Amino acid sequence: MDIRYNVVNWVNRSGSPQRAFSYGSSYIDPRTGEIIKGVVTPGSDRHREDYLIAEGLLQPYSDGKPISTRMQEMALARIRQLSAHEIGHTLGLTHNFTASVKDRASVMDYPFPRVDMRPDGSIDLSEVYAKDIGGWDKRAIIWGYSDFANGIDENAALDAIMKETLAQGYTYIPDVGGMAHPRANQWDDGADPVAQLDKLMSIRRRLLDRFSENAIQQGQPMATIGEVLVPIYLLHRYQVEAVAKSLGGLYFTHAVKNDGQQPTAMVDPAEQWRAFDALMNTITPKALNLPETLIRKIPPRPTGYPSGIEIFNGHTGPSFDPIAAAEAAAANTLSYLLNGERAARLIEYQARDSRQPGLLAVIDKLLDKTLEGAPAYGYEGELQLLVDNLVLKYLLALAADPKNAENVRGEALVEIKGLRSWMAGRVGAGASKKNAALFFGLSQIDEFEKSPDKFVPQPALEMPPGAPIGMPGIFDAPCGNDNGAQKDF
Ligand SMILES: [Zn+2]
């Protein structure tokens with residue numbers, strides 16, 4: 001509380017509530033705007049989340065071996081980065097969510113662990129988090145903290161610094177780009193979102209295929225494999241969001257007059273379809289399945305280990321439900337793909353430029369690859385059916401939600417009508433799985449058609465929270481301020 005001291009106040013929040021905040025706050029002289037004191041309060045939850053991710057990545061607990069220090073090293077690397085981030089806030093820096101696409105240009109982005117897999121399948125964490133502040137951070141401090149000699153025109157000097165910063169190729173998007181900016185995202189990595197998603201999907205697959213009790217320590221209940229599985233099964237969750245932003249995406253800058261930045265640009269159509277294909281690869285049965293050997297190893301949770309938000313929900317009572325885990329993951333992709341604002345941009349952009357994909361073509365392709373695609377059987381068949389039902393759910397929601405633009409609702413409606421007749425034409429005789437799927441889909445469409453404005457589909461199962469802390473929009477307590485004098489986000 002002593003105004004004379006800047007403080008980093010380490011807080012151990014072991015125990016409930018999990019996933020609490022870390023803060024970087026400033027006390028500011030309201031007369032001058034001068035930052036008088038900074039207080040950083042990092043919480044230990046971030047450690048624990050990273051330790052858990054590392055356990056899933058490394059599956060390090062082979063029998064008889066000493067516990068590796070690599071999990072601790074990764075967690076500490078994250079805390080090092082987080083400390084710099086929160087201190088950046090105390091110095092007046094806001095988030096820059098485009099920094100990850102330019103060589104980790106800022107600690108003010110939210111970093112995803114950089115994971116590489118060597119050809120032998122081992123995991124390389126040598127670059128897991130940045131070890132230094134970034135180029136953008138240095139430019140921001142030069143701009144904000146330079147002193148100029150007497151006689152120097154300060155505004156002109158600041159303009160020159162900004163011009164140089166822009167010439168060096170730095171961009172600055174402080175929020176997440178409103179679902180629109182393909183390069184402004186939290187917890188993404190790399191310059192090419194699609195390539196990064198493909199890479200993560202491939203690493204994820206190999207990790208899942210060998211996932212075992214090596215992910216938990218000796219003496220732990222086998223059921224706790226479920227906790228460690230979450231961050232690996234959902235390894236791609238944030239990169240999916242980043243890739244979805246290319247579809248109906250808008251590159252933009254917060255340009256000011258005559259600064260030379262291009263204010264807006266649509267995403268190239270080929271890039272949008274590339275993003276679409278990458279998203280489709282996240283909802284195939286091949287992507288969503290878990291090995292039978294793993295499923296058999298996860299029993300119901302024992303007394304003293306209640307289920308909670310940190311593990312997958314299910315429809316099967318106490319037993320682990322692999323199809324419900326797939327529901328949460330696939331719903332993540334589809335909720336971004338069939339987002340109402342994205343749909344409105346797809347329509348608008350195609351109206352302005354006929355080369356753009358448009359909403360109808362996107363939904364047509366989506367239906368081709370799901371409901372109207374080739375049937376699958378067995379476990380993969382159930383996963384395919386799950387995805388089909390989710391596609392219909394999100395499509396109905398797109399048409400039903402009165403908050404969506406009416407042109408969006410109309411185009412969704414026309415696709416639903418087409419799908420309805422396609423399904424009705426395929427109903428056969430008998431109590432087959434095919435008929436069960438068709439009747440269920442048709443019943444959902446019937447329910448929707450009774451009262452489109454009031455229809456609300458059952459929500460899909462949600463993923464366990466992944467953000468190191470809290471809910472989207474408030475985590476990281478961005479940097480607001482204990483005394484309320486400054487709020488950024
Ligand atoms: Zn922050």
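**Close-up 1. Helix α7 passes helix α11 in a right-handed crossing.** In this predicted model, α7 covers residues 237-244 and α11 covers residues 322-337. Which residues make the contact? From α7 come Arg237, Val240, Glu241 and Ala244, and from α11 come Asn332, Thr333, Tyr336 and Leu337. Sorted by class, the contact of α7 with α11 holds four nonpolar, two polar and two charged residues. The two helices pack at an angle of about 20°, and their axes are 9 Å apart. Angles under 35 degrees count as roughly parallel, and α7 and α11 are therefore roughly parallel to each other.

**Close-up 2. Helix α1 packs against helix α2.** Here you can follow α1 (residues 45-58) as it meets α2 (70-90). The packing angle is about 140°, with the axes 8 Å apart. That angle makes α1 oblique to α2. The crossing of these two helices is right-handed. On the α1 side, look for Arg46, His47, Asp50, Tyr51, Ala54, Glu55 and Leu58. Their partners in α2 are Arg70, Met71, Met74, Ala75, Arg78, Ile79 and Leu82. This contact of α1 with α2 has eight nonpolar, one polar and five charged residues.

**Close-up 3. Helix α1 also meets helix α6.** How do α1 and α6 cross? The axis of α1 comes within 8 Å of that of α6 (residues 225-233), and the two cross at roughly 85°. This makes α1 roughly perpendicular to α6. Leu52, Ile53, Glu55 and Gly56 in α1 meet a set from α6 made up of Glu227, Val228, Leu229, Pro231 and Ile232. The residues in the contact of α1 with α6 divide into six nonpolar, one polar and two charged.

**Close-up 4. Helix α3 has buried residues.** Within α3 (residues 135-145), the buried residues are Trp136, Asp137, Arg139 and Ala140. Why do they line one face of the helix? Seen down the axis of α3, the buried residues fall within an arc of 165°, so they share one face. The buried residues of α3 pack against α2 and against α4 (154-167).

**Close-up 5. Gln59 and Asp103 each have a positive phi.** As background, most residues other than glycine have a negative phi. Gln59 is not a glycine, yet its phi is about 40°. You will find Gln59 in the loop between α1 and α2. Asp103, also not a glycine, has a phi of about 50°. Its place is the loop between α2 and β4 (116-117). Are these residues buried or exposed? Gln59 is buried, because 20 other C-beta atoms lie within 10 Å. Asp103 is exposed, with 12 other C-beta atoms within 10 Å.

**Close-up 6. Gly425 sits in a loop between two helices.** The helices on either side of this loop are α15 (406-424) and α16 (433-450). Gly425 counts as exposed, because it has 8 C-beta neighbours inside 10 Å. To find your bearings, look for Leu438, which is 13 residues from Gly425 along the chain. The C-alpha atoms of Gly425 and Leu438 are separated by 9.8 Å.

Notes: Residues are numbered from 1 along each chain as its sequence is written. This is a predicted model: local features need pLDDT of at least 70, side-chain atom pairs count only at pLDDT 80 or more; totals for chains, interfaces and linings use all residues. Helices (H or I, at least four residues) and strands (E, at least two) are DSSP runs, numbered from the N terminus. The arc is that of the directions from the helix axis to the C-beta atoms. Two residues are in contact if their C-beta atoms, placed from the backbone, lie within 7 Å. Axes are lines fitted to C-alpha atoms, for helices over the stretch in contact, and angles run from 0 to 180 degrees between N-to-C directions. Angles under 35 degrees count as roughly parallel, over 145 as roughly antiparallel, 65 to 115 as roughly perpendicular and the rest as oblique. A crossing is left-handed if the near helix is turned anticlockwise from the far one by less than a right angle, and right-handed if clockwise. Ala, Val, Leu, Ile, Met, Phe, Trp, Tyr, Cys and Pro count as nonpolar, Asp, Glu, Lys and Arg as charged, and the others, Gly among them, as polar.
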